[in-house]
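Let us walk through this model together, one region at a time. Keep the sequence and the 3D view side by side as you read.

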Amino acid sequence: QVRLVESGGGLVQAGGSLLRLSCTTNERTFNERTFSTWAMGWFRQAPGNERLFVAHISTDGESKYADSVKSRFTISRDSAKNTLYLQMSSLKAEDTAVYYCAVKTRPTSDSDPDGYDFWGQGTQVTVSS
């Protein structure tokens, strides 16, 4: 069973702050695919809101972003460490949310959370204005 653990959240000020979220897994292989070829995503959920797409990395490493974070956030992975990252810059108050990582397991749109499994517990990001 794949287990994902997010970390790296915190309280930062809006503007020039940088934050890097990490998502580490206990498994190197899932469905005969190694971690380096997993399709994975980051989502976020603010209180009272639905879980929203943030970023996706495909099996061959191509990335995709929500318009609201494009050019500010970068998704990447370190296969040697079984870790997915979300580098966040120029943070805004509206980026405040709990951030989750997950593995894409179904052939849905990359931005559809229903296409993902093995959600972590999330990490809180709070951006003060």
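The model is predicted, so local features need pLDDT of at least 70 and side-chain atom pairs count only at pLDDT 80 or more, while totals for chains, interfaces and linings use all residues. Residues are numbered from 1 along each chain as its sequence is written, and side-chain values use heavy atoms, with hydrogens and water left out.

Which residue does aspartate 117 form a salt bridge with? The partner is arginine 106, and the closest N and O atoms are 3.0 Å apart. A salt bridge is a side-chain nitrogen of Lys or Arg within 4 Å of a carboxyl oxygen of Asp or Glu. Aspartate 117 sits in strand β12 (residues 116-117) and arginine 106 in the loop between β11 and β12, so the pair ties together parts that are eleven residues apart in sequence. Strands (E, at least two residues) and helices (H or I, at least four) are DSSP runs, numbered from the N terminus. Arginine 106 is itself partly exposed, with a relative accessible area of 36%.

From here we can turn to other charged pairs. Salt bridges that share partners join Arg44, Arg72 and Asp95 into one network. The structure holds six salt bridges. One of them links arginine 72 to aspartate 95, with the closest N and O atoms 2.8 Å apart. This pair connects distant parts of the chain, 23 residues apart: arginine 72 is in the loop between β8 (63-65) and β9, and aspartate 95 is in the loop between β10 and β11 (97-104). Both arginine 72 and aspartate 95 are buried. Another salt bridge is formed by aspartate 110 and lysine 104, where the closest N and O atoms are 3.8 Å apart. Aspartate 110 is buried, with a relative accessible area of 18%, and lysine 104 counts as buried at 16%.

An open sheet of four strands has the order β1-β3-β10-β9, with antiparallel pairing; two strands pair if DSSP finds at least two bridges between them. β1 and β9 (73-78) stand at the edges, each with a single partner strand, so one side of each is left without a neighbour in the sheet. Six bridges join β9 to β10 (residues 83-88), and the two run antiparallel. Within this pairing, threonine 74 has glutamine 87 in β10 as its bridge partner.

Serine 17 lies in the loop between β2 (10-13) and β3 (19-25). Is serine 17 buried or exposed? Serine 17 is buried, with a relative accessible area of 16%. Leaving aside neighbours within four places in sequence, the contacts of serine 17 are Val12, Met88, Ser89, Ser90 and Leu91.

We finish in the loop between β4 (29-30) and β5 (33-34), where asparagine 31 lies. Phi of asparagine 31 is near 50°, a positive value in a residue other than glycine. Glutamate 32, also placed in the loop between β4 and β5, has a positive phi near 65°. Asparagine 31 is exposed, with a relative accessible area of 62%, and glutamate 32 is exposed, at 80%.

Terms used. Buried means under 20% relative accessible area, exposed over 50%, partly exposed in between (1.4 Å probe, protein chains only). Contact means heavy atoms within 4.5 Å.
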